[in-house]
Amino acid sequence: MSNDAVRFSLLGPVRAWRGDDEIDLGAPQQRAVLALLMAYAGQPVTMAQFIDALWHEEPPLSAVNAVHRSIGLLRRALEPTLSPRDPGQWLSRSSAGYQLAATAGSLDLLRLRALADQARTAPAPEAVTLFSQALRLRLGPCGSGLEPGLLGHPVFVALEHEILAVAREAADTAVAHGEARQLLAPIRRLAAEHPLDEALAARLVRLLAATGLQADAITTYARVRERLADELGVSPGVELRAAYEHVVRSETVGSEPEPPTAGSRPRQLPADLPTFVGRDAEMAAALALAPADGPAPTVVITAIGGMAGVGKTTLAIRWAHSEAARYPDGQLYVNLRGFGQAEEVMSATEAITGFLEALGVRRQAMPSSLDALAALYRSTIADRRMLILLDNARDEEHVRGLLPGTPGCLVIVTSRNPLRGLVARDGAHPLRLDVLTPAQSRDFLTTRLGAPAVDREPHAVDAIVDRCRGLPLALAIVAARALSHRPLSLAAVADDLRAAAGLADLTGFDPASNARTVFSWSYQILSADAARLFRLMSQIPGTDITVAAAASLCGLTRDEVAPLVSELTLSGLVGEGSYGRYTQHDLVRAYAGELIDAAEAAEARRRVLDHYYQSLDAAEALLVQPPLTTSSPPRTGVTPEQFASSAAATAWIAAEQQTLYAAIRRATSAGDHAYAVGLNLLLVRHFLSSAPLAVAASLLQLGIDSMGSGADPLDEKRLRDGLATALAKLGRFDDAIKELERSRLLEAEHGDLTAQAATMMTMARILYLQGAWARSLLLLDECVLMYVEAGNQRGQARALSAKGWVHTENGDHEAALAACERALAAYQDLLDPAGEAATWHSIGHTRFQLGKYAEAEEAYNHAIELCHRSDDRDLVAQVLESLGDIYAATGGSARARTAYEQALSIKEDLGLPTAGAVRAKLAALRP
């Protein structure tokens, strides 16, 4: 019997094969004895070493006999035809002990060592391939399945450390020579098994970034940092921090950080109010907080007693414009809507995502978790001098993730709350803002109405000032109403205010109560239709509304509602924002909500929800073919948006994004479940391509929760599949699998084998991403059988092609080629050039892993030819990159450069995040 007839495996479960047949190694003690012999890899193992490893400090009296008996049983298992006196060729005995006659051809541990040794002396591309082959031999912890006490023995611990050292060396080689993709899967798997190994985590961060997965790199760092803090109470060390900083400061490994460009210097400040007045002392105090030289502090503007309408935002914007020139790298602004209704409050995730987009970071490069997103944001603005205005924050935690991590930026935060935690923990400087004094109130009216009008009627001005109690919001509304009357009479305005106070019984010394007096006065003199629109605007989802949506809100035409919007704007009860959008101050909106009865509110809410649903349905009908849904006719009075082109539909969804999110939340909280579900169904595509994943997951969950017992199972499946995808992208793989399991149950009830198989394909992909290759392959086997039973040849081909890829990553190249060849035959029967091209790409990948470069190139060329027939530019770019890998591995630097440049051009044109990996490979090529 030849030495290669039996193969042994220690890099994972303890196993042995004779040819293609696995050998039954018997009882656990026999496996343990063989594992020790393999661990010492050709060296003798003494009886003392056996006894120490198997029984530690309490061996039985029969320990020696037990070892001899296990050796004898193993001999017969390995060589069944041996005579009792024949020692055989695998297990020998000497004075030094028992020894396994293993070689690199028969024992995976020795094979790993041999490949690693070859890699250390091979040229760069070949070295990475050899390291990859070595690490893919490891299918789990050495000796997995043995007793935990045995696995803690120094010999097994040392083997794990040895493999980790090889992995770190391999990763360094791959990153240094632009070959990171080959090492990503095995390093990812090892890092998952050793989550507290900072050195390995640092390599994984760099590998992810080098393959264009910057977002995953940052998420990995955040996950390890959190685990180190939770389990060890420490922060990441120098090596891991350096890897993280390297990722966030440069788009690709090997490139230097780029200076801010014109496109990444946002100018987001709202327009300054030309009639600003009355805050000289506060402005002086604010300007004194930011010295002319040196780092600028974080500054909080807040109001006494949480007063709304006192002018915090107005002062903040004036201050920001005054300081803007000192911050040449740009100004960021966001209204966090901290005191709106629950569905209107902007999350930190949404705010940071918006800032990063304004700073030029592509959404595909953004990580999923809030911690990683905040880390990327801090790194993006590090070393920049920026002014950041965070308006209307709810509390400290609402803004903490938006604060920069380095000095040089001025941050202005407005809130009704004092934000004492921000002051105490983050070094913020509180600037308290009170109502205006009577003199300042007169100056305010003078600025708005003109000095002649104010000087002409001093007693009327005194009465107005007294009624408004120094609240700028109330003074602004009074001034707007006064200007709408001709001739201008402040005495008449004062009389109307007195009458309004008597009618509403809202007089008092509280400025907020007196603001309601002003609101009631303005409301009382509106036309009936404008008054109705004012009340109904309390029911809008989100913070603002267009004329088109206002028309549906009221059940009127756009022509009918436009003058009513103008009347409200002139009264000061509604403000006009940018791009034809109208909003109410939240104090005014709260007052409007007090005036509306429940029935009127419910009907208006349903009309406006129907407006957004019908408009979104029309937009998606242009963007997705065939259309996702066939909606019912609009409600009476609802006039949806109409779109002339897909570009117009896309622009509308982008403009209404926050309102659509708020509409889902409002529908859920109000019990309008049909709209919560319908809006979710229409937004699944948008959620998975354009929304922050955490937001998408929460909204999809609301849609699922809104489904009753009579819901359409296919609708529920669509939402659960979308939620599973979002959860998987967030790294919440177990939760994603649970959602997909529920989808399978829904599909099984309807006997839809094709849908069940498609769901299982998604599950298999998630398991593959987790490194659970065996479970992934089992699911793919089921998929193939289900597609066969359903008569779905295309699905069968897709599952077989996926099997080929997983087998390749798992190092089982023969099985990979067999699966791909079956997939190829199926795609050829279907006359499907796109599927055939993808399968040729997989075949080329497998041949490349085997070192069969000429055959791999032939497969890639087949793929390229077929790609051109199917016009799949994404796959063309992937195959060109793979061709570049072959040329680089075989010394064809010029050809590799051409292939990489062509791939990069396509990836950049398509906006693919993997473009960074190609740039890294180009940079690594020798001139």
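Buried residues, meaning those under 20% relative accessible area with a 1.4 Å probe and protein chains only, make up 53% of the 927 residues in the chain. This is a predicted model, in which local features need pLDDT of at least 70 and side-chain atom pairs count only at pLDDT 80 or more, while totals for chains use all residues. Residues are numbered from 1 along each chain as its sequence is written, and side-chain values use heavy atoms, with hydrogens and water left out.

The chain has 43 helices and 13 strands, taken as DSSP runs (H or I, at least four residues, for helices; E, at least two, for strands) and numbered from the N terminus. Contacts (heavy atoms within 4.5 Å) between residues 24 or more positions apart account for 67% of those in the chain with a separation of 6 or more.

The axes of α5 and α8, lines fitted to C-alpha atoms over the stretch in contact, with angles from 0 to 180 degrees between N-to-C directions, come within 9 Å and cross at roughly 35°.

| Helix | Residues | Contact residues |
|---|---|---|
| α5 | 124-136 | Pro-125, Val-128, Thr-129, Ser-132, Leu-135, Arg-136 |
| α8 | 180-193 | Gln-182, Leu-183, Ala-185, Pro-186, Ile-187, Leu-190 |

Helix α28 (residues 598-623) has 26 residues and spans 37 Å from its first C-alpha to its last, close to the 38 Å expected, a value defined as 1.5 Å times one less than the number of residues.

In helix α20 (residues 458-468), the buried residues include Ala-460, Val-461, Ile-464 and Arg-467, and the helix is followed by Arg-469, whose phi is positive, near 55°.

How values were computed. Buried < 20%, exposed > 50% of the residue type's maximum accessible area, 1.4 Å probe, protein only.
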